[in-house]
Amino acid sequence: MTNSTCGGADSDSCRDESAAFVLKFAAMASILLAGMAGIAIPLIGKHRRYLRTDGNLFVAAKAFAAGVILATGFVHMLSDATKALNNPCLPEFPWSKFPFTGFFAMMAALFTLLLDFVGTQYYERKQGMNRAVEEQTRVGTSEEGTVEWNSGKVFGEEESGGMHIVGMHAHAAHHRHSHPHGNDACDGTGIIKEEHGHGHGHGHAHSHALTTDEETDVRHVVVSQVLELGIVSHSVIIGLSLGVSQSPCAIRPLIAALSFHQFFEGFALGGCISQAQFKTSSATIMACFFALTTPVGVGIGTGIASVYNPYSSGALIAEGILDSLSAGILIYMALVDLIAADFLSKRMSCNFRLQIASYCMLFLGAGLMSSLAIWA
């Protein structure tokens, strides 16, 4: 194909390698600082009064960040993937015969659902086994002879071989469905009525609360890890795309757009990491990995800019597929694990002001991130 139909000949008028080289270093510094600031705010501020993860301000800011991530998937990633996979440099068959962008995004969302489920099951089972061992040790030391140590069974194991922890999860799920709604659910009187009405003891109610808290912690662990996977995968692509560009006209708007984008993605990820209660070392590693990914991508792109052809078939296919997969992951995570998890929660339904603020912030974040598509 000729360069008029396959390539970036129209951008040669703004080509300036020396100016682009300087701007790339400015972009690396700006994006790094924005990413570090975004992810550090919820991690460092979780013990502060106004920045605590259970505060209303954090919930509203997280809604804004969720809108940013949702717009990133729908407006930026899907659009870029469609542009790459429909590029005239690619052969007409099969890329023009099937909507691969939507297909890859759909498959990524489904695999994210599967990973979400498997990860949650794994951590719940691991946490259940750890608690069973702790109970076994506690009972064994406090009530000698209560547990038959030579029976070959773990504490809580039933005759059929199943763990009692499964029954506790089922019991918790049953109570979640039977809890009252409306004013009783908001003021907490429903729990008291239920305990008196059904005759459950104090110990049972305590187990229910503990199990629910554990399930919430498990969800935060899985969400933070899967969300980081989706963010990091597309951060490499956008960093690489900026790095290989030799056009200052294209790089300048990208610096502001990607810095804004990186800040609020970092805020959303930092909030999930903070809520997951990771160890300090693990949280630091995850934060650094996120903050460094895009600048490293810019650096790699800068290093290979002289030999890299962004209009080659391999580059376009790889970019299109990775952007599609990233879009599917981010859209799923934004809708299911960020927006639905907060907006359908009991806390949100019981606080009208928080509902208004969160919805406004959600639409504001999505709108502002979508408007950045004009420049990037």
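This report describes aromatic pairs and salt bridges in a predicted model.

## Basis

Residues are numbered from 1 along each chain as its sequence is written, and side-chain values use heavy atoms, leaving out hydrogens and water. In this predicted model, local features need pLDDT of at least 70 and side-chain atom pairs count only at pLDDT 80 or more, while totals for chains, interfaces and linings use all residues.

## Aromatic pairs

The whole structure contains twelve aromatic pairs. Rings of Phe, Tyr and Trp (its six-membered ring) pair if their centres lie within 6.5 Å; planes under 30 degrees apart are stacked, over 60 edge-to-face, and the rest tilted. Phe58 belongs to helix H2 (residues 56-85) and Phe267 to helix H9 (residues 248-275), so the pair ties together parts 209 residues apart in sequence. Helices here are DSSP runs (H or I, at least four residues), numbered from the N terminus.

Phe58 is buried at 4% relative accessibility, and Phe267 is buried at 9%. Buried means under 20% relative accessible area, exposed over 50%, and partly exposed in between (1.4 Å probe, protein chains only).

## Salt bridges

There are five salt bridges (a side-chain nitrogen of Lys or Arg within 4 Å of a carboxyl oxygen of Asp or Glu). In one of them, the closest N and O atoms of Asp337 and Arg219 are 2.6 Å apart. Asp337 is in helix H11 and Arg219 in helix H8 (residues 202-244), 118 residues apart. Asp337 is buried at 8%, whereas Arg219 is partly exposed at 27%. Shared partners join Asp116, Arg219 and Asp337 into one salt-bridge network.

Technical notes:
Helices (H or I, at least four residues) and strands (E, at least two) are DSSP runs, numbered from the N terminus.
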